[in-house]
Amino acid sequence: MSHGGDPTKPWTLHEIDRIPTSHRIRWADIDGTGRKVAINAPLTGLRAAAPDYTQDHAPVVFYRPGQWNRQPIGNANLGVQHGIFVTKWNVGDKQDSLLMSSFSGLDLYQYSKGKGWTRTEIAKGDPSPCPRCGSSDATVGHVGSQRFVAAIEPWHGNQTVVYSSKEDGWERKVIDDSLTDGHTITAADLDGDGDDEILTGFRKGEAKVYLYRSRNGGWDRQVLDSTMGAASCSVADINADHLPDIACISETTLKWYENVH
């Protein structure tokens, strides 16, 4: 969409592409130039069908502003491709990487000029038969200097999972299995102690928002909201007091959780 010089007046809609089951759109600086591209990750491939959705792989594409031509990223993710997390994966990275969640598990996509895209498996996610397989959504955080990946597993799943980096790969640990239709996860240092907390929300059953804090090698759970079936949560300094706040949205409600630390 664009405006004619006055953003307070009606905007003009410009269609750039049509891909069936388009589901997640994210902006990412894939080549470290400061100029972001739009990432489009459809939910499934064209041949995927219930009940297990494993008949096809889901494509991922991107568009450069101004040109808006569809460019491929990959089509290796099996079944349902539910989440994209944009991250600077390595210390010192200028470019963004994409952490994708699908029935294939967790996979990292990185772009290199002249070489294109590479896909690296991080983990296979939940090992149960599909459609209760793989990973649904993921985020990246740190406890001290140690990076972790936190995920909701399987697709719309019941588990909050933490992956810790080890010499021989990533160690998977389920820290909670009480979610019903888990649908959002993020990590941020909410209390200023240098360690990231994990925030999850689920939409059915008791429908709550949980906060997990790292304690003595484990994770303690706190109920942030016992009435909110959160479909998505984000962390931002909403009231400009230099403290990170939380905003969550459900099918009917938008809530702001003010940080008063």
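# Notebook: strands, cores and a buried Asp

Entry 1: I began at Val161, which stands opposite Val174 in strand 12. This is a predicted model, where local features need pLDDT of at least 70 and side-chain atom pairs count only at pLDDT 80 or more, while totals for chains, interfaces and linings use all residues. Residues are numbered from 1 along each chain as its sequence is written, and side-chain values use heavy atoms, with hydrogens and water left out.

I noted the terms before going on. Strands (E, at least two residues) and helices (H or I, at least four) are DSSP runs, numbered from the N terminus. Two strands pair if DSSP finds at least two bridges between them.

Strand 11 and strand 12 (residues 169-176) are antiparallel and joined by seven bridges. They make a hairpin with two residues between them. I then went to the other partner I had listed for strand 11. Strand 10 (residues 146-153) pairs with strand 11 (residues 159-166) over six bridges, again in the antiparallel sense. Here Phe148 has Ser164 as its bridge partner in strand 11. This hairpin has five residues between its strands, and His156 in the turn has a positive phi of about 50°. I also found Pro154 in the loop between strand 10 and strand 11. A cis peptide bond joins Glu153 to Pro154, with omega about -15°.

**Entry 2: the whole protein.** How many helices and strands are there? I count zero helices and 19 strands. The radius of gyration, taken over C-alpha atoms, is compared with a globule rule of 2.2 Å times the number of residues to the power 0.38. It is 19 Å, close to the 18 Å that the rule gives for 261 residues, so the protein is as compact as a globular protein of that length. Along the principal axes, the C-alpha atoms fill a box of roughly 50 × 45 × 40 Å.

I looked up burial next. Buried means under 20% relative accessible area, exposed over 50%, and partly exposed in between (1.4 Å probe, protein chains only). Of the 261 residues, 44% count as buried.

Entry 3: Strand 3 (residues 57-63) meets strand 4 over five bridges. There, Ala58 stands opposite Asn77.

I found another open sheet of four strands, in the order 5-6-7-8, also antiparallel. Strand 5 (81-87) and strand 8 (116-123) are its edges, each pairing on one side only. Its neighbouring strands are turned by 25° on average, direction ignored. Seven bridges join strand 7 to strand 8, and Asp107 stands opposite Glu121.

**Entry 4: the cores.** A nonpolar core is a set of buried Ala, Val, Leu, Ile, Met, Phe, Trp, Tyr and Cys residues joined through side-chain atoms within 4.5 Å. The largest has 14 residues; among those with the most contacts inside it are Ile39, Phe62 and Trp117. Strand 2 (37-42), strand 3, strand 6 (97-102) and strand 7 (105-112) each give two or more residues. Strand 2 gives the largest share, three residues. A second, separate core of 13 residues includes Phe148 and Tyr210.

**Entry 5: Asp245.** Is Asp245 buried or exposed? Asp245 is buried, at 0% relative accessible area. I placed it in strand 18 (residues 245-249).

Entry 6: Ala207 has a positive phi of about 50° although it is not a glycine. Ala207 sits in the loop between strand 14 (197-202) and strand 15 (209-215), and counts as buried at 11% relative accessibility. Asn216 is also not a glycine and has a positive phi of about 50°. Asn216 lies in the loop between strand 15 and strand 16 (218-225), and counts as exposed at 84%.

Note on methods. Axes are lines fitted to C-alpha atoms, for helices over the stretch in contact, and angles run from 0 to 180 degrees between N-to-C directions.
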